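I opened the notebook to record what I looked up in this entry. The notes follow the order in which I checked things.

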Amino acid sequence: MSDIENMKAELLGAIDGAADLAAVEAIRVAALGKQGSVSGLLKTLGKMSPEERQAEGPKIHGLREAVTAALAARKDALEAAALEAKLAAETIDLSLPAPELPRGSVHPVSQVMDELAEIFADMGFAVATGPEIEDDWHNFTALNMPESHPARAMHDTFYFPDRDEAGREMVLRTHTSPVQIRTMLAEGAPVRIIAPGRVYRSDSDATHTPMFHQIEALVIDRDIHLGHLKWTLETFLKAFFERDDIVLRLRPSYFPFTEPSVEVDVGYANEGGRRVVGGSGDAPGHAWMEVLGSGMVNRRVVEAGGLDPDEWQGFAFGIGVDRLAMLKYGMDDLRAFFDGDVRWLSHYGFSALDVPTLSGGVGTPA
Ligand code: DAH
């Protein structure tokens, strides 16, 4: 075999054995690069006699073409194998059937919580959370309900058999108000939060379930007064019920954690066996209905939150979310909320695409 033939056999063998694209490239450079072996042979043509060139030229060009073609073929083969491996690793089964109908729905309680978060976010409130298993200091004492305070007895509390490491009694939180304390202690002032969540009381009938939902609001800043509270409630209730004719009645009341304390009623009328919120409760055919408890945060609660009550004041309120949902969407039995009956859920539930927004409406019924 001539030298050229040997070289060709060697190069083609190496190309065939190249394991990856980098190896193919290395061979290309070594053979066809400026300093490459095949390029070197091509350069010798210039110094040959015409006869020699006629004899050697076709062989050398043939070598270059064979090597070029072999490199291209090996590169294609390696790329195809890599694609094949990638496709095999990333398979998706396009034959899986799509569900005939959308399954599942958003529970009205979740929907109402999302509506509330949207409304309050627009007023600059952040969402805060706290544990459902709470200690009695956060749930009661820090909220100005020391042990033996009569208000504790009104909460029908679920107690745990064991205390925590600090010796505190543990409870299922009876309201979302402990999140007030946790937020002040963790973040200081000013504060502007809502805290939605589950709460628990040992109570059960058509309007009470042992687990229900509340949303707490807390605003702490300098020079906050009752007017701020009233404006906030009015703005929120108008947005929530999507009506401008909401009329509030503020009644003096008592909660240990607020001073003064205010219970808030809204006017409503009975229409077709359903309560429809709107108008003054004193108007003909109307009545008042209590919707929430509120007040100016008690100095002792501000102190328990680690803040100086001479510098920081605020208001708070707590609302039953389930009751708000019943009012807005017309359910009459609270227990059905938690039965998991598919017929109830598909009737009262919302589509996952019904995301409440202020621009699109916070409560488009399903
Ligand atoms: N925590 C009270 C309850 O569950 C509701 C409440 C009343 C919350 C007044 C407040 C408030 O923040 O100011 O009965």
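In which strand is the place of Pro-260? I looked it up and found Pro-260 in strand β8. I note here that the model is predicted.

**Entry 1**

I began with the peptide bonds. Glu-259 and Pro-260 are joined by a cis peptide bond, with omega at about -5°. I also found a cis bond running from Ala-189 to Pro-190, where omega is near -5°. Pro-190 is in a loop, the one between α8 (178-187) and β5 (191-200).

Next I looked at phi. Ser-148 has a phi near 75°, which is positive although the residue is not glycine. I located Ser-148 in the loop between α6 (136-139) and α7. I wrote these down because most peptide bonds are trans and most residues other than glycine have a negative phi.

**Entry 2: the ligand**

Which residues come nearest to the ligand? I listed His-175, Ser-177, Arg-201, Gln-214 and Glu-216, out of 15 residues around it. By class, I noted four nonpolar, nine polar and two charged residues in this shell.

I then checked some polar atoms. His-175 has a polar side-chain atom 2.9 Å from a nitrogen atom of the ligand. For Ser-177, I also read 2.9 Å between a polar side-chain atom and a ligand nitrogen. In the side chain of Glu-216, an N or O atom is 2.6 Å from an oxygen atom of the ligand.

How much of the ligand's accessible area does the protein cover? On its own the ligand has 360 Å² of accessible area, and the protein covers 90% of this. I noted which elements give two or more residues to the shell: β6 (211-221), β10 (286-297) and β11 (313-320).

**Entry 3: the largest pocket**

The ligand takes up space that is the largest pocket. I recorded a volume of about 990 Å³ for this pocket. Its lining has 38 residues, and those closest to the centre are Arg-201, Phe-212, Gln-214, Phe-255 and Glu-290. Several elements give two or more residues to the lining, among them α7 (150-153), β7 (248-255) and β8 (258-271). I sorted the lining by class as 15 nonpolar, 15 polar and eight charged residues.

**Entry 4: the second largest pocket**

I went on to the second largest pocket, which has a volume of about 330 Å³. Its lining includes Thr-207, Asn-270, Arg-274, Met-289, Arg-323 and Leu-327. β9 (274-277) and α11 are the elements that give two or more residues to this lining. With three residues, α11 gives the largest share. The classes are four nonpolar, four polar and four charged residues.

**Entry 5: the cavity**

How many cavities of 30 Å³ or more does the structure hold? I found one. The largest cavity has about 30 Å³ of space. Glu-290, Val-291, Gly-320, Arg-323, Leu-324 and Leu-327 line it. The elements giving two or more residues to this lining are β10 and α11 (321-329). Of these, α11 supplies the largest share, three residues. I counted the classes as three nonpolar, one polar and two charged.

I end with some names that came up more than once. Glu-290 lines the largest cavity and is listed among the residues closest to the centre of the largest pocket. Arg-323 and Leu-327 line the largest cavity, and both also line the second largest pocket.

Definitions and conventions: Residues numbered from 1 in each chain as written. Predicted model: local features only at pLDDT ≥ 70, side-chain atom pairs only at ≥ 80, totals over all residues. Heavy atoms only, no water. Near = heavy atom within 4 Å. Polar contact = N/O pair within 3.5 Å; in protein donor to acceptor, adjacent residues only side chain to side chain. Areas by Shrake-Rupley, 256 points an atom, 1.4 Å probe, with all protein chains shown as cover. 1 Å grid on protein atoms, 1.4 Å probe; cavity = no way out; pocket = protein on both sides within 12 Å on 5 of 7 lines; lining within 4 Å. Sits in = over half its atoms within 2 Å of the grid points. Helix = DSSP H or I, 4+ residues; strand = E, 2+ residues; numbered from the N terminus. Nonpolar A, V, L, I, M, F, W, Y, C, P; charged D, E, K, R; others polar. Points joined across faces, edges and corners; volume = space filled by probe spheres on them.
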